[in-house]
Amino acid sequence: MWSTGTISISGIKVSYEVKHFENPSDWGIDCGRISKMAIRIPGMYGDNLIAHYDRGWDVLPETEFAQLACDEVMHRFN
């Protein structure tokens, strides 16, 4: 199942797209339910991708802000 939405981290809107399963999977983040995840900061000139997981990390959450956003999305869906 795909879920999309926005969350606010420290007053900054962040958008996410997540593909998640009903049950945990070996393909999921930390063997959880999320198999694909993209987290972006929407901007005037396009989106700034701050984290991306597609059965493995393509873009690691390198800042504290990005990690907080990942933690929030994973709390909801993983």
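Q: Is Cys70 buried, partly exposed or exposed, and at what relative accessibility?
A: Buried denotes under 20% relative accessible area, exposed over 50%, and partly exposed the range in between, with a 1.4 Å probe and protein chains only. In this predicted model, Cys70 has 1% relative accessibility and therefore counts as buried. Cys31, at 48%, counts as partly exposed. Buried residues make up 36% of the 78 residues in the chain.

Q: What conventions apply to the residue numbers and to the predicted model?
A: Residues are numbered from 1 along each chain as its sequence is written, and side-chain values use heavy atoms, with hydrogens and water left out. As the model is predicted, local features need pLDDT of at least 70 and side-chain atom pairs count only at pLDDT 80 or more, while totals for chains, interfaces and linings use all residues.

Q: How many disulfides are counted?
A: A disulfide is a covalent bond between the sulfur atoms of two cysteines. The criterion used here is a pair of cysteine sulfur atoms within 2.5 Å. By this rule the count is 0. Cys31 is in no disulfide, the nearest cysteine sulfur being that of Cys70, 17 Å away. Cys70 is likewise in no disulfide, and the nearest cysteine sulfur to Cys70 is that of Cys31.

Q: Which strands does β4 pair with, and in what sense?
A: Two strands pair if DSSP finds at least two bridges between them. Strand β4 (residues 48-54) pairs with β3 (residues 34-41) over 6 bridges in the antiparallel sense; here, Met37 has Tyr53 of β4 as its bridge partner. Strand β4 also runs antiparallel to β5 (residues 57-59), joined by 2 bridges, and His52 has Val59 of β5 as its bridge partner. β4 and β5 form a hairpin with 2 residues between them, and Arg55 in the turn has a positive phi of about 60°.

Q: How does the radius of gyration relate to that of a compact globule?
A: The radius of gyration is taken over C-alpha atoms, and the globule rule is 2.2 Å times the number of residues to the power 0.38. For 78 residues a compact globule would have a value near 12 Å, and the chain, with 12 Å, agrees. Along the principal axes, the C-alpha atoms fill a box of roughly 35 × 20 × 20 Å.

Definitions and conventions. Helix = DSSP H or I, 4+ residues; strand = E, 2+ residues; numbered from the N terminus.
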